[in-house]
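Open the model in your viewer and keep the selection tool at hand. The tour below goes from one selection to the next.

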Amino acid sequence: MRFVKIFLYFPGLFFALNLPGQPAGNQSLILWYKQPAADWNEALPVGNGRLGAMVFGDIMRERIQLNEESIWAGMRVENADADARGYLPAIQQKLLNGEIKEAMELSEKHLRSNPMRIRSYQPLGDIYIDMFGQNRSLPERENYRRELNLGNGISTTSWSWEGITFTREVFASAPDNVIVIRLTCSQPGRLTFKISLSREQDAVVVPASEDELLMTGQIVDLPDKDVCPPGLHMKFAARLWGRVKDGSLRSVNNSLFAENASEALFYLTAATDYNPSLLNFDRNIDPAAICARILEPVRYKTYEEVIQKHIADHSELFDRVKFSLGEDRMRDLPTDQRLKLVREGAEDPGLAVLQFQYGRYLLMGSSRKPGILPANLQGIWNQDYSAAWNSDFHTNINIQMNYWPAEVCNLPETVIPLSDLINRLREPGRVTAQKTFNSTGWTVNHLTDPFGRTSISDGVGWGTFPMAGPWLVLHQWEHFLFTQDMEYLRNEAWPSMKESAEFVIGFLIKDKNGYLVTAPSNSPENTYRLPDGGKFNLTYGATMDIQIIRELLNACVRAGELLGGNKQFISQMKNVLRNLPPNRVSKRYGIVQEWIEDYEENEPGHRHMSQLFGLHPGTQITPAQPELFEAAKKTIERRQTYAVKGQGSSTGWSKAWMVNFLARLNDGDAAWNKILELQREKTLNNLFDTHPPFQIDGNFGLTAGIAEMLLQSHSGEIVLLPALPAAWKNGTVSGLKARGNISVEISWDNNRLTRAKLEAAENINIIVRSGSLKTSLKLKKGEPVLLDSTLRVLK
């Protein structure tokens with residue numbers, strides 16, 4: 001048995017005990033490096049859903065960059081929505097008549113919100129640890145290793161100097177709501193360092209006592225064109241409290257100075273005066289007092305109690321899903337070296353396994369209790385005061401992609417912050433529905449923030465996307481499909497779904513062919529070209545709009561029937577479904593048509609592939625519709641061809657979406673090639689996805705895509721190994737979830753299914769398919785059913 005020295009302490013005291021060391025865990029689930037991070041894109045993330053940190057691993061001057069989920073510039077802005085009710089009929093008629101230029105001119109005048117832009121998610125600050133007594137010359141240090149263990153959520157940096165081993169551990173504890181930093185050395189009294197807390201702007205740091213620092217701040221938003229009003233906005237605070245064994249600890253300015261210690265332990269927490277129920281800051285909230293309340297119980301716990309509780313909590317979520325593609329032959333190589341080899345042409349299935357689990361890890365770290373907000377464009381990790389795209393909640397695919405892996409990868413808890421935000425958006429979304437779109441119900445356009453932004457943003461042509469609300473509530477429906485939680489459906493999902501359907505019904509108008517269509521509409525961020533050369537975003541009845549509406553109303557019909565809802569409303573939704581325009585195949589190229597007219601594409605390699613929503617994440621394009629299924633394949637081929645030619649922009653998240661498409665098309669080899677492409681072109685050394693710059697949706701999309709390659713359940717059947725590539729010859733996966741709250745375990749050898757196990761949380765009848773084989777099963781609650789390679793039940 002391996003032993004390590006653990007120091008148990010009470011305020012002012014440490015006690016040393018020899019306890020069994022933590023097992024190293026699965027070495028294939030560790031990101032590790034032989035050098036410190038050169039920049040932020042090489043640092044390693046830890047998070048607990050509310051607090052995040054990026055660990056750089058520098059020996060002499062460690063940087064730990066910090067985030068708290070609700071530190072956002074800006075404020076809630078009332079009456080931002082354009083009052084377009086009097087002008088909407090004219091805009092709609094001109095779109096229907098093909099008078100696009102005139103419709104755009106009217107829209108620019110009457111659909112513009114005030115203001116048009118939001119402000120950014122911001123960092124909390126930084127912790128720096130400056131070591132004393134070690135020469136800065138790197139050759140004098142040995143055995144350097146920097147790692148992130150996905151299995152226990154701990155980032156560790158270790159090195160040797162003059163025969164002494166130094167170790168730093170950093171993790172974000174959800175149970176104790178703190179970031180933990182621990183420094184140890186193998187010889188007593190050899191730790192002398194300064195640990196400081198800082199923020200570049202809008203904050204001060206002062207000693208709260210000899211062993212504690214207090215940061216207090218308030219975001220000062222300066223005047224900026226077309227952005228929310230300037231002023232003194234979000235207040236925030238952070239506390240850093242520490243203890244040392246041996247030696248001394250005292251506060252100096254914005255730092256704590258430890259001298260001749262044998263071990264040091266620090267806890268950091270942070271808070272703001274954000275009140276989610278108000279969608280705004282609340283001056284009745286005292287962030288510094290909240291921090292003090294969080295830290296108080298931790299002061300009386302031993303380190304062993306804190307870390308064991310953290311590991312138990314983390315492992316309970318993370319260990320639900322196991323995935324292996326056989327022996328990971330490259331696991332002993334540093335992660336950046338593995339990635340380098342892949343970039344040079346190698347194939348590394350083990351790296352894909354690591355990335356799959358990394359996506360689950362990142363979702364756990366950015367969207368769960370104690371957090372209250374969903375994962376944003378960067379999850380929870382951001383170092384910039386004006387982040388790319390404000391690190392916002394982009395609702396025209398990005399926040400949705402964040403949650404694609406949540407249910408199938410057995411992390412349903414992570415959806416709750418998203419679901420809660422959706423329900424809070426209903427209030428401002430009703431104003432947007434009424435004032436801008438002359439409808440009832442609620443909606444949101446192409447982005448939102450913690451302050452409840454639902455109005456058109458960033459530009460009329462670009463930002464008019466009222467189908468974002470209907471798309472969002474489909475995640476609430478999916479949460480029910482996977483969990484079968486009737487109370488959640490009744491109390492959380494159905495109210496927002498129903499109101500979203502009411503918005504859609506009130507917004508739809510008849511076109512010249514008698515179809516019910518949306519107007520104004522756009523296919524997110526893409527443009528079409530008219531014969532006269534005009535390029536436009538705005539249209540009516542874009543394919544994605546109609547596909548989203550079809551998914552929404554079908555879901556609402558099913559939910560309403562399950563809950564015994566209003567029969568007249570259900571009948572009304574069914575009637576609307578009968579009068580929606582069909583999915584069309586372009587006569588020009590044989591692809592799924594993106595707009596209601598067969599327009600020429602201005603950018604045929606565009607990163608958004610919105611007309612394939614019905615393929616994924618929707619359920620409308622399946623092998624049961626062979627013409628559309630083939631057209632979907634041609635759509636992807638055309639997008640890829642033009643992206644390679646430079647007539648488009650294939651981003652990291654776009655490639656991840658492709659993995660999901662190809663999985664739904666049952667093309668495992670093509671999906672694997674897309675994963676390789678993503679690894680080679682759009683993966684940073686810390687395995688973050690890059691747009692560029694870093695954008696976390698690609699990480700989540702990749703994890704979802706790998707799950708789709710292994711298991712699908714969207715078409716009414718549970719399909720095992722629907723898109724298994726030849727490169728994944730042998731493997732096992734367990735803990736994935738199918739709709740119906742069914743746990744699935746799959747094993748294969750020589751690319752053929754060898755065994756499967758299914759276990760349902762309630763009695764349910766299902767159909768299981770594998771290749772050309774199919775069987776019907778009656779699953780009983782809590783009783784696993786084993787299937788052999790031919791889908792026969794094993795007794």
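Axes here are lines fitted to C-alpha atoms, for helices over the stretch in contact, and angles run from 0 to 180 degrees between N-to-C directions. Keep in mind that this is a predicted model.

**Stop one: a helix pair.** Select residues 349-366, which are helix 6, and residues 668-681, which are helix 17. Their axes are 11 Å apart, and the helices pack at an angle of about 75°. Angles of 65 to 115 degrees count as roughly perpendicular, so helix 6 is roughly perpendicular to helix 17. Now show side chains at the contact. From helix 6, display Pro 349, Leu 351, Ala 352 and Gln 355; the residues they meet in helix 17 are Trp 672, Ile 675 and Gln 679.

**Stop two: aromatic pairs.** Across the whole structure, a search finds 28 aromatic pairs. Select Phe 171 and Tyr 303 to see one that is tilted, at 6.4 Å centre to centre with 55° between the planes. Phe 171 belongs to strand 10 (residues 164-173) and Tyr 303 to helix 4 (residues 303-318), so this pair ties together parts that are 132 residues apart in sequence.

Move on to Trp 404 and Trp 657. Their ring centres are 6.1 Å apart and their planes lie at 55°, so this pair is tilted. It links distant parts of the chain: Trp 404 is in helix 8 (residues 404-408) and Trp 657 in helix 16 (residues 652-664), 253 residues apart. Trp 404 has 10% relative accessibility and counts as buried; Trp 657 has 0% and counts as buried.

Next, select Trp 40, Tyr 358, Tyr 361, Phe 688 and Phe 694 together. Ring pairs link these five residues into a cluster.

Finish with residues 764-770, strand 34, and residues 773-779, strand 35. The two strands run antiparallel and are joined by seven bridges. Which residue in the turn has a positive phi? Two residues separate the strands of this hairpin, and Gly 771 in the turn has a positive phi of about 60°.

Definitions and conventions. Residues numbered from 1 in each chain as written. Predicted model: local features only at pLDDT ≥ 70, side-chain atom pairs only at ≥ 80, totals over all residues. Heavy atoms only, no water. Pairing = 2+ DSSP bridges. Helix = DSSP H or I, 4+ residues; strand = E, 2+ residues; numbered from the N terminus. Parallel < 35°, antiparallel > 145°, perpendicular 65-115°, else oblique. Contact = heavy atoms within 4.5 Å. Phe/Tyr/Trp six-rings, centres within 6.5 Å; stacked < 30°, edge-to-face > 60°. Buried < 20%, exposed > 50% of the residue type's maximum accessible area, 1.4 Å probe, protein only.
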